[in-house]
Amino acid sequence: MLDVGCGPGRHALALARRGFDVVGVDLSEDFIALARDAAAVDGLPARFEVGDVRELAYDAEFDAVVCLCQGGFGLLGGRDEPRAFERIAAALRPGGRLALTAFSAAFAVRFLEEGETFDPATGVLHERSTVRNEDGEEEVFDLWTTCFTTRELELLARRAGLGVVGVHGVTPGRYGTAPPTLDDPELLLLARRRA
């Protein structure tokens, strides 16, 4: 399995604990270091690599790919997502399965908060977020998150040679197969690479 945008390894490590052979990829060297350390402490065989989702070089190497909780896919600024999606899809073997979440454009617009902006041309939500480190020090960061509609995810999948199994409305950490609603912050795309 491939975990794209694995961050500090939450999903990859959980999958490795269940016996899956997992490779995690993330752009952040700090996150990859944390994931490697956690794998070493638990004696897990998961591998972690620093890499940009837009430059994934895997070709039909994985039975499954997960890209969850905006795992690098929705953080590209509204222009590079088609290329990144094609690289993610190319990593799948024929018949391989994809689970990818993306922030819902409908939710973003419906629940736009004071100080946030949504660019309808790119589907990018801009917000400012305060992050606190382990010492309690706070820093404010600008976040740009690309948001999608169900139809956009289906079109990206088909363009990349995937058959769409379904697109579901979900909440981070609570995935299911319910149809999308305006109240679901994320969309979960399930797809399969054609044989």
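Trainee: Which strand is Ser 104 found in?
Mentor: Ser 104 is found in strand β5, which covers residues 92-104. Helices (H or I, at least four residues) and strands (E, at least two) are DSSP runs, numbered from the N terminus. This is a predicted model, in which local features need pLDDT of at least 70 and side-chain atom pairs count only at pLDDT 80 or more, while totals for chains, interfaces and linings use all residues. Residues are numbered from 1 along each chain as its sequence is written, and side-chain values use heavy atoms, with hydrogens and water left out.

Trainee: Is Ser 104 buried or exposed?
Mentor: Ser 104 counts as buried, because its relative accessibility is 4%. Buried means under 20% relative accessible area, exposed over 50%, and partly exposed in between, with a 1.4 Å probe and protein chains only.

Trainee: And which residues does Ser 104 touch?
Mentor: Leaving out residues up to four places away in sequence, Ser 104 touches Cys 147, Phe 148, Asp 184, Pro 185, Glu 186 and Leu 187, where contact means heavy atoms within 4.5 Å.

Trainee: Cysteines, then: how many disulfides does the structure hold?
Mentor: The structure holds zero disulfides, a disulfide being a pair of cysteine sulfur atoms within 2.5 Å.

Trainee: Switching to helices, at what angle do the axes of α3 and α5 cross?
Mentor: The axes of α3 (residues 81-90) and α5 (residues 150-159) cross at roughly 55° and come within 9 Å, which makes α3 oblique to α5. Axes are lines fitted to C-alpha atoms, for helices over the stretch in contact, and angles run from 0 to 180 degrees between N-to-C directions. Angles under 35 degrees count as roughly parallel, over 145 as roughly antiparallel, 65 to 115 as roughly perpendicular, and the rest as oblique.

Trainee: Which residues make the contact?
Mentor: Pro 82, Phe 85 and Glu 86 of α3 meet Leu 156, Ala 157 and Arg 159 of α5. By class, the contact has four nonpolar, no polar and two charged residues, where Ala, Val, Leu, Ile, Met, Phe, Trp, Tyr, Cys and Pro count as nonpolar, Asp, Glu, Lys and Arg as charged, and the others, Gly among them, as polar.

Trainee: What about α1, which residues are buried there?
Mentor: In α1 (residues 10-17), His 11, Ala 12, Leu 13, Leu 15 and Ala 16 are buried, and the buried residues of α1 pack against β1 (2-4), α2 (29-42), β3 (47-50) and β4 (62-67). Just after α1, Gly 19 takes a positive phi of about 95°.

Trainee: Which residue has a positive phi although it is not a glycine?
Mentor: That is Ala 60, whose phi is about 55°. Ala 60 lies in the loop between β3 and β4 and is partly exposed, with a relative accessible area of 28%. Asp 59 is found in the loop between β3 and β4 too, and Asp 59 is exposed, with 54% relative accessible area.
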